[in-house]
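Please examine the structure shown below, beginning with the ligand and its surroundings and then turning to the strands.

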Amino acid sequence: MNILVTGGAGYIGSIVAEELIREGESVVVFDNLYTGHRAAVPPEAIFVEGDLADRAAVKAVFDTYEIDAVMHFASYTLVGESMEQPFKYLGDNVTNGLNLLQEAVAHGVRRFILSSTANLFDQPERMPIDEEERIVPGSPYGESKHILERILHWMDRIFGLRYAALRYFNAAGASPTGERGEDHDPETHLIPRVLQVALGQRDKIVIFGDDYPTRDGTCVRDYIHVVDLAQAHILALRALDHGSRTYNLGNGRGFTVKEVIETCREVTGHPIPAEVGPRRPGDPAVLVASSEKIRRELGWEPKYPDLRTIVEHAWEWHRTHPHGYED
Ligand code: UFG
């Protein structure tokens, strides 16, 4: 298959592109390099630098390459930023997705995979969170993904576009080849920030609140290895002929912020000073996924469920690329 990967120069998109190529698929990466890195794009992929806001550029990709399926990663992804700049999310994330969908449909594409998010579940009633959970987006970012999921529902009904919406919990780790990993500026995510302390790039890690109703007072998250996420995309793509689907993706096990920091200390051998600061607005206390549905329906089985392995792969990447793709 020829697969168009938008955002294929980003953290998750580039690792999914790498896995697709390993499995023999042809990949066209479309990315504006706004947050992505040219060096992250696998050399076997065709790279088109362009912006989804530029409808003519999107059309040109579909005119030039016989695209069989789209995996859509390109997006603004910061929960906090979306609370300050909602139009960037409720506007651009949605209209860029619509540009992509309109051209995909116009060119007869019938398979589409959307990167969605655990930020759909701001007030979960049950833990772990399954696909029946009530959707309450926690921010304009989450809302933008919710809108795109709803748009896909209608694309399926009206045009027969088969889609999978994959709601990631906390993507972490790096490719086991050590070639691709997380490189955000600014970095907001917990594991890379903690590892920056071990690298001497930060003095300490600030824990955002220790008065949550959890076992040690810090927030609980479900960290999922980025390669396991990638495998879920590939399985979902292959199942699309049997109908559209939505899956929550995590390991089904939660770790507190303090447990993550402790694991990073063990893996790096660095003391990693930590200090408790105020809560970060908008953080739910606990987010743990039930991924029973994708296990049952597609036989998905995470290869790297251990937090320690996830941190080891992340550490290997950060240690060998202390300045990310600049190295
Ligand atoms: N945290 C700290 N200190 C830091 C950074 C993070 O204590 O310096 C804490 C956060 O408060 C949170 C946990 O570590 O409790 C994980 O934070 P991340 O920023 O790594 O991840 P989030 O759970 O906030 O966000 C993730 C994805 C988002 C997605 C969201 C869904 O990165 O894209 O889950 O809730 F929208």
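Why does the ligand lie between domain 1 and domain 2? In this predicted model, residues of the shell around the ligand are given both by domain 1 (2-171 + 224-249) and by domain 2 (190-221 + 252-326), so the ligand lies between the two domains.

The shell itself can be described residue by residue. The ligand is surrounded by 22 residues, and the closest of these are His189, Val206, Arg221, Arg280 and Asp283. Sorted by class, the shell holds twelve nonpolar, six polar and four charged residues. Among the secondary-structure elements, helix H6 (190-198) and strand E8 (205-208) each contribute at least two residues to the shell. The largest share comes from E8, which supplies four residues.

Several polar contacts can be traced between the ligand and the protein. Arg280, one of the closest residues, has an N or O atom in its side chain 2.6 Å from an oxygen atom of the ligand. The side chain of Arg193 likewise places an N or O atom 2.9 Å from a ligand oxygen atom. At Val206 the backbone takes part: a polar backbone atom of this residue is 2.8 Å from a nitrogen atom of the ligand. On its own, the ligand has 690 Å² of accessible area, and the protein covers 92% of it.

Is strand E1 (residues 2-6) largely enclosed or largely open? Four of its five residues are buried, so E1 is largely enclosed by the rest of the structure. Its pairing with strand E2 (residues 26-31) is parallel, and five bridges join the two. Within this pair, Ile3 is found opposite Val27 of E2. As a general point, side chains in a regular strand alternate between the two faces of the sheet.

A further sheet is open and consists of three strands in the order E12-E9-E14, with mixed pairing. Strand E12 (255-256) and strand E14 (286-287) stand at its edges; each has a single partner strand, so one side of each is left without a neighbour in the sheet. Strand E9 (residues 220-221) pairs with E12 over two bridges in the antiparallel sense. Val220 has Thr256 in E12 as its bridge partner.

Technical notes:
Residues numbered from 1 in each chain as written. Predicted model: local features only at pLDDT ≥ 70, side-chain atom pairs only at ≥ 80, totals over all residues. Heavy atoms only, no water. Near = heavy atom within 4 Å. Polar contact = N/O pair within 3.5 Å; in protein donor to acceptor, adjacent residues only side chain to side chain. Areas by Shrake-Rupley, 256 points an atom, 1.4 Å probe, with all protein chains shown as cover. Nonpolar A, V, L, I, M, F, W, Y, C, P; charged D, E, K, R; others polar. Domains from an automatic or database assignment. Buried < 20%, exposed > 50% of the residue type's maximum accessible area, 1.4 Å probe, protein only. Pairing = 2+ DSSP bridges.
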